[in-house]
Amino acid sequence: MTPLDYDPAYSAGVRNLLIETATPRTSKRRHRIWIGISLVVGLSVLGAGGAVAANYLLPGADIVTDTSTSHTIAGVGPSDISIGSAPAGTNSLETSLACLSTGTLTWPDGSSMNCTSTDDANHPGSASIPWSHTRTVFKLGATAGTRWRLTYTFSRHQPTSFATNAAGQTYGIDGSNRHPDLIAALATNGRQGYINAKEQAAADPCRSPKNPAAAVKCTDDNSGKTFTIPVYESDGTTKIGVFTIGG
Amino acid sequence: MGVSADERTDLEVLAAAVAGDSRAFALLWDRHRDRVFGHALRITRVRADAEDATAIVFLEAWRKQSRIRDVDGSILPWLLVTTTNVCRNLQRAGRRYRAALDALPHVSDRREPTGTDLDLQAALRTLPAIDQQLLGLTLEGYSTAQAAQAVGLSPGAARTRITRARQRLRTQLGRAPIADIASQEGPR
């Protein structure tokens with residue numbers, strides 16, 4: 001019998017479904033946090049494909065362990081929220097922030113989310129932020145009068161190294177502080193592969209603005225446009241699909 | 001499929017998943033998907049059914065996590081036995097997961113399996129369920145003792161059943177069935 005490959009798109013879907021199924025009910029929101037992280041901290045590579053960070057085995061992905069259960073608190077306007085001492089071993093805080101009315105909400109690290117519709121309560125913004133275990137106050141920025149709901153869980157992130165292919169390129173999950181040559185991404189056909197960081201940068205028409213005003217104009221001029229780049233195996237040359245940027 | 005060599009047994013990985021590390025459960029998929037798929041394909045002979053059955057087997061493993069019987073720390077025999085059971089009635093086995101599975105994407109290459117052992121598959125289906133499970137495991141390279149452990153029989157009872165089942169198949173097919181099937185890899 002000729003060995004047949006298991007449908008790769010279906011396999012990626014089943015794999016994610018298994019992770020969803022195995023996620024404990026109290027931290028189901030935390031799992032969605034991990035998928036949604038790009039929306040807030042601007043990791044555009046995960047924006048179109050999504051869900052890559054949920055893959056336990058990709059090099060460079062942090063191994064994340066919760067050190068507490070999740071807590072939810074609601075309020076209005078900018079607030080210094082006392083969240084208590086973190087358990088020992090904590091180095092991060094997983095957060096999910098939802099607008100319950102229109103306005104802008106800002107995380108302690110300056111990243112923000114703007115809510116304009118009543119449906120935004122169902123689409124929380126998520127971020128995993130470094131957190132020293134002696135820190136007890138979460139400084140939330142908000143437009144005056146904006147109602148919000150914050151769910152947070154203390155956690156521990158353990159980084160793993162990127163891997164290197166035969167051509168000497170590093171590959172793995174892109175991070176805010178370290179960037180591999182080949183960035184893990186999900187192709188539009190559902191297959192998991194890697195995009196070339198140089199090709200990604202070259203596809204961005206606003207990569208070298210002359211000044212802030214030019215950057216804003218460029219973004220506005222190109223709003224809604226999409227660009228397609230190849231997705232490769234970890235060897236950096238075998239094409240397995242495409243990835244869409246922008247839009 | 002995976003990158004790092006994880007030294008943990010299946011049971012240790014499953015325990016981690018049950019304790020809250022949901023991503024560890026995906027590691028079991030990475031380890032055993034192909035073996036389960038190969039076994040499902042041998043039984044169903046229809047690619048889409050075998051892929052569905054494979055997904056259902058792992059979802060069932062989560063649902064029945066406290067009842068999984070391991071063989072030397074490996075849950076692969078349990079997965080293969082479950083594959084045999086799921087393939088016997090795919091409709092019923094998949095009912096609770098139908099909505100979730102139907103929402104997942106497929107790619108367009110849908111080659112079907114070739115091969116001439118349809119007789120064997122049909123003959124196997126005439127056997128009682130537990131005999132199908134036992135023979136399925138021996139076809140996958142497990143010893144009689146391991147197969148016995150996987151289905152919860154004494155080695156003697158398993159040996160008797162396997163011998164009788166093979167005799168029945170030989171009578172039905174007019175030839176010895178087992179030597180014609182080579183499993184793709186031996187058990188770990």
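Phe154(A) is buried, with 3% relative accessible area, where buried means under 20% (1.4 Å probe, protein chains only). This is a predicted model in which local features need pLDDT of at least 70 and side-chain atom pairs count only at pLDDT 80 or more, while totals for chains, interfaces and linings use all residues. Residues are numbered from 1 along each chain as its sequence is written, chains are lettered from A and ligands numbered from 1 in the order in which they are written, and side-chain values use heavy atoms, with hydrogens and water left out.

Phe154(A) forms an aromatic pair with Tyr152(A), edge-to-face at 6.1 Å centre to centre and 75° between the planes. Rings of Phe, Tyr and Trp (its six-membered ring) pair if their centres lie within 6.5 Å, and planes over 60 degrees apart count as edge-to-face. Tyr152(A) is likewise buried, at 9% relative accessibility.

In chain B, the rings of Trp29(B) and Phe58(B) are also edge-to-face, because their planes stand at 75°, with centres 4.9 Å apart. Trp29(B) belongs to helix H2 (residues 22–44) and Phe58(B) to helix H3, so this pair ties together parts 29 residues apart in sequence. Helices here are DSSP runs (H or I, at least four residues), numbered from the N terminus. Both Trp29(B) and Phe58(B) are buried.

Key. Rings of Phe, Tyr and Trp (its six-membered ring) pair if their centres lie within 6.5 Å; planes under 30 degrees apart count as stacked, over 60 as edge-to-face and the rest as tilted. Buried means under 20% relative accessible area, exposed over 50%, partly exposed in between (1.4 Å probe, protein chains only). Helices (H or I, at least four residues) and strands (E, at least two) are DSSP runs, numbered from the N terminus.
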